[in-house]
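The sequence and structure come first.

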Amino acid sequence: MPADVPLPSPPSASPPSGGGPRSVERALELLDLVADAERAVSAKALARTLGCSLSTVYHLAGPLLARGHLVRTADGYAPGPRVPALHRAHLRHHGLGAPTGELLGRLRRTTGAEVYHTAYRDGLITVVDTTAPVTDTAHPFTPGPEARAHATAHGKALLAALPRARRRRYLAEHGMARFTERTITGAERFEAEMAAVRGQGYAVSVGEADLAYTCLAVAVPNRGDGIVHALSVSLPTADFARRQGAVRAALARAVPDFPALPET
């Protein structure tokens, strides 16, 4: 990436590092910056964004290059060949894989909108997979930790499926930041929203995380793996009123097709 093109700041909503060595945290920040960039990132751009020296960037990148998490091109650093293997391992550990991707693809074709698979596990909500192209930066939801769960339909669907105490603990740890004037930031109002989600069987977020987008989501029945899963669809807010019925029906039809746990 050219030196005069600034990178976004390192993710501030990432889960706590757990007290690990600062060098490990810095290396992961570097890896996240490269992964989130649209093209290769120069060492100078990384140093400027991380607030460190060039020699520190080279020191941090060394093990990542050696293990294949990064590659160095003529234009800078880019994700390496190890990254797809990590994604496959992530899906495997969730008991997921090709059938889930195929289901998302079918739902995308049916609704004409981008589709997401999200999950709650061990106190974290993650966007596991999506049909949105990685090059399409306009869409607000990308694979990785979800920092806006209370403002999204998939977050609401997942949180509504949790016991109240666990849901309260999640919100206390992650907060309820306001992203638009429509974001619910009060605990009592959010609990009323949770009751509505459980009563109607689906969750809606109309411009709460991003005014331009509205999302609908449904939780997947418990698979017995200790993970809560959800399927969701996002579409332009301007199209919501016209398309919500068809999208909601397509989501309801897709839930029974969510892959069961593989037999052992």
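Q: In this predicted model, what share of the contacts between residues at least 6 apart in sequence join residues at least 24 apart?
A: The count takes in contacts in the protein chain between residues at least 6 apart in sequence. Among these, the share that joins residues at least 24 apart is 59%.

Q: How many helices and strands does the protein chain have?
A: The secondary structure of the chain is made up of both kinds of element. The totals are nine helices and eight strands.

Q: Which residue of β8 is the bridge partner of Ala217?
A: Strand β7, residues 213-219, runs antiparallel to β8 and is joined to it by seven bridges. Ala217 has its bridge partner in β8, and that residue is Ser232.

Q: How many of the nine residues of β8 are buried?
A: Buried means under 20% relative accessible area. Strand β8 spans residues 228-236 and is mostly covered. The number of its residues that are buried is eight.

Q: Why is helix α6 described as largely enclosed by the rest of the structure?
A: Helix α6 spans residues 153-160. Its buried residues include His154 and Lys156, along with Leu158 and Leu159.

Q: What percentage of the 264 residues of the protein chain count as buried?
A: This value is for the protein chain, with its 264 residues. The percentage that count as buried is 46%.

Notes: Residues are numbered from 1 along each chain as its sequence is written. This is a predicted model: local features need pLDDT of at least 70, side-chain atom pairs count only at pLDDT 80 or more; totals for chains, interfaces and linings use all residues. Side-chain values use heavy atoms; hydrogens and water are left out. Buried means under 20% relative accessible area, exposed over 50%, partly exposed in between (1.4 Å probe, protein chains only). Helices (H or I, at least four residues) and strands (E, at least two) are DSSP runs, numbered from the N terminus. Two strands pair if DSSP finds at least two bridges between them. Contact means heavy atoms within 4.5 Å.
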